[in-house]
Amino acid sequence: MKVSSQLLALFTSLAVASPIDLSRSNLHRLFIRQDIQTPINASLPNVTIFATGGTIASQGNTNTQTTGYSIGLGVQQLVDAVPELLNISNIAGYQTSNVASGNVNETVSLSLAHMINKELAKDEISGVVVTHGTDTLEETAFFLESTVNSTKPVVIVGAMRPATALSADGPLNLYQAVTLAASPAGRNRGTMIVLNDRIGSAFYTTKNNANTLDTFFSTEAGQLGVFINQVPFFFFAPSEPVGRTVFDVSNVTELASVSILYAHQDMEPELFQAAYKAGAQGIVYAGVGAGGVSSKASLAAEALHNTTGIPIVASHRSADAIMSNDITSNRSGLKEFISSIATISGDLSNITAPPFVLAENSTVEIPQYWADHPYLWASPASEEDPEKRALLVLKNFLGSLRGQQYAGRDEAEGVKKPLNAFLGELFLGSWNSGELGETRLISEQVGHHPPVTACYLWNNKMGIRAEGFTQQEITFSGSVSIKQKGYAIVHVDKYDEDYLLPLPNIKVKGLLGGTPHPELDGEYSLISSNGYISHIKFEGKSLFGSGDKNSFEARFFHADHPDDTIYTIEGAWNSTFTITDARSGTDIETFDVRTIKQERMTVAPLSEQDPWESRKAWNGVISALRSSDMKGVSTAKNVVENGQRQMRKDEEARGATFSPVFFTRVDRDPIFDKLVQHDPTGYTVDPEGGIWKVDRDAAEHKTRPFHAGLTPANEKTGDYKGDSQLDTREQNAPSQHRGAADTAGSHSSNGYVPNGGPVQQSPEINQPHGQNPEKSAVQRTKPAPGMQDVSAFEPSNEQIEDFLRKRTGNVR
């Protein structure tokens, strides 16, 4: 779409605006009809005028003066100059300011947005008119286009000649603006600009000449319509500009500062740093041509973003152009996706995302990043000092966060949504690290409604193992919030020690900006059975730019002396952090997570993988993503997802349930119950999602095939022997999914009962810990009411062409 640098600056400023209390004591309401004692005509529509100043409210010393005039006419005088207005509408007015448009600031703009939204919410109001100076008229128009949420017309009007000129254009422009605001034909067209008999869209129209009357137009999009004998005539039916986004500013009274840098030959790269030091919280650079910038300036912009996190957005200085790269092209599609999820209440974990926001892996692969640095992961097993062992577990926990959040991708690529794992999906792999021996991983999707992933990591030679499960609840309110329910436990065999690890909540920021990035959120405790505890607080950059991106601070202490801090750890989980001995004040280590020696996991070739293993199951989707074949992505995804839906229906018809291969659901976890006493509010376990433990015998000895004769797409293979082969493992299998009545009991808000009995479950759930997983199962439930089926998302040909991979994006 075509958006100028100034308009993108407004987008950026709105996206990071902060909510604070609103005061409107400086605004004065004028009831114009009362001033002239003329009764309201009930047969006429009602239009409210908001006057801000500008040339339309100006006077010269002579009737031939068209420059150097003075602003001073108020809204009453503007209406009095056009008595014909009383024949077409009842008028009321606000004088919000009386300044040249170059002096219109965020206070004026936000006041207009607040008042116009409030005014248009009244049933009796047909529309509103804003009188404005022409120099920045297009900016206020676009601002209102982006902040007024109403189908009623909003009309911005100005004049190129003062009111005292021989042929002043203001009176007729105002008459036409009020006519349009009162007309039903003006509805559902957003904010419009009216000057010189023309009607333009605020989304596309710009001022093109500083002197002539015929100055406002859009060369590419064209005008919406014209006035013929003072009657609005539209060329098109009502429609919304592609890419339009409306921000809720009802509680916003301060906008973030956004600087615009104008690109030119040999542009000084220092300008980006200068803008940031001057207080910019976002930068738009108006590039040459279709958004180009010199290599030096581009590197400076990227470096500034990487070190500060400040959003930097590319636009163009050309009067008309379309950004050809994928971020601008994707903005419309991303908006449609955001709009679709914003209409769904509750958990969004199972929503199907459009192809262009998908990652090339599934959620079941994420656990590999806990241990893709095997030496660090296994180091506690060879440390004799319990204090240092606990510190090493903490160090590994912090060092693994970057890989988990970005799934092994470069941070510059931002985050993408992993493929929704299907029930029973598996990921198996290992690392062979010389003297460490083999470290193995099994990850399995054990639940689907709600989605639960369980994993088991172990190294028998070193005597260290970890298991855990996570259930993600995803909500959307302008940004994506991911609440993680579950936990992980690391066990060191030699010392028979256990370490309870949290799963931090995540906020995905920058979604509208085009480069989504994660921020961890909340306070948690890493708790060891040897008594050492680390309390961790995650923070990030605030809306106003304070704080550091991806920052955290931690305090390491012993449970017997909770007020005596042993170590402090501060820094960023995606770059460097420093461990300080609090007893001596000495920094003992500064650790850069980017220097961790990561080792690629060994995974069986596709030809040897079971159909239920993630990379083989999603091979068609991954191949299509890598070749930017978005239609192929949708087709391949639908094969798996529709097969899974049919499989659940078949199971339901048989009265059967699906059994995980490597994990079993249990009533309670005694290790968790003991350790969580030190921080019962820092962990959330959902009774519906359940507690999952590994079957170690299955992990050691179970071999392919895992579901003989049946593929994830519900296709039967040569090994399939009919539904009877499933009966032995499905008969009387317990259900993972229960209603509120089944989970009733004395629970805390997070589903854990520190001092009570076990979480109440269906009778068949109560099985002893360690039961063979083939006796445990997960039953599929119907989607929650209100969840819309978006599996059939079919991108248009335009989306297929334009929605390219993020790696060519223009936002850094």
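Let's start with an open sheet of 3 strands, ordered E16-E17-E18, with parallel pairing. This is a predicted model, so read everything below as a description of that prediction.

- Going from one strand to the next, the twist averages 25 degrees.
- E16 and strand E17 (residues 282–287) run parallel and are joined by 5 bridges.
- Helix H7 (residues 270–277) lies across E16, E17 and E18.
- The direction of H7 is at about 160 degrees to E16, and angles over 145 count as roughly antiparallel.

- Helix H4 (residues 106–120) and helix H5 (residues 137–147) have axes that come within 10 Å.
- Those axes cross at roughly 45 degrees, and H4 and H5 are therefore oblique to each other.
- As for handedness, the crossing of H4 and H5 is right-handed.
- On the H4 side, the contact is made by Ser 109, Leu 110, Leu 112, Ala 113, Ile 116 and Asn 117.
- On the H5 side, the residues making the contact are Thr 140, Phe 143, Leu 144 and Thr 147.
- What kinds of residues make up the contact of H4 with H5? They divide into 6 nonpolar and 4 polar, with no charged ones.

- You'll find Ser 318 in the loop between strand E18 (312–316) and helix H9 (326–342).
- Ser 318 has a relative accessible area of 27%, so this residue is partly exposed.
- In sequence, Ser 318 and Gly 289 are 29 residues apart; in space, their C-alpha atoms are 6.2 Å apart.

**Ile 228, in a strand**

- Ile 228 has its place in strand E13 (residues 225–228).
- Is Ile 228 buried or exposed? With a relative accessible area of 54%, Ile 228 is exposed, because the cut-off for that word is over 50%.
- Ile 228 and Arg 198 are 30 residues apart in sequence, and their C-alpha atoms are 9.6 Å apart in space.

Key:
Residues numbered from 1 in each chain as written. Predicted model: local features only at pLDDT ≥ 70, side-chain atom pairs only at ≥ 80, totals over all residues. Heavy atoms only, no water. Axes fitted to C-alpha atoms, helices over the stretch in contact; angles between N-to-C directions. Helix = DSSP H or I, 4+ residues; strand = E, 2+ residues; numbered from the N terminus. Parallel < 35°, antiparallel > 145°, perpendicular 65-115°, else oblique. Left-handed = near helix turned anticlockwise from the far one by under 90°. Contact = heavy atoms within 4.5 Å. Nonpolar A, V, L, I, M, F, W, Y, C, P; charged D, E, K, R; others polar. Buried < 20%, exposed > 50% of the residue type's maximum accessible area, 1.4 Å probe, protein only. Pairing = 2+ DSSP bridges.
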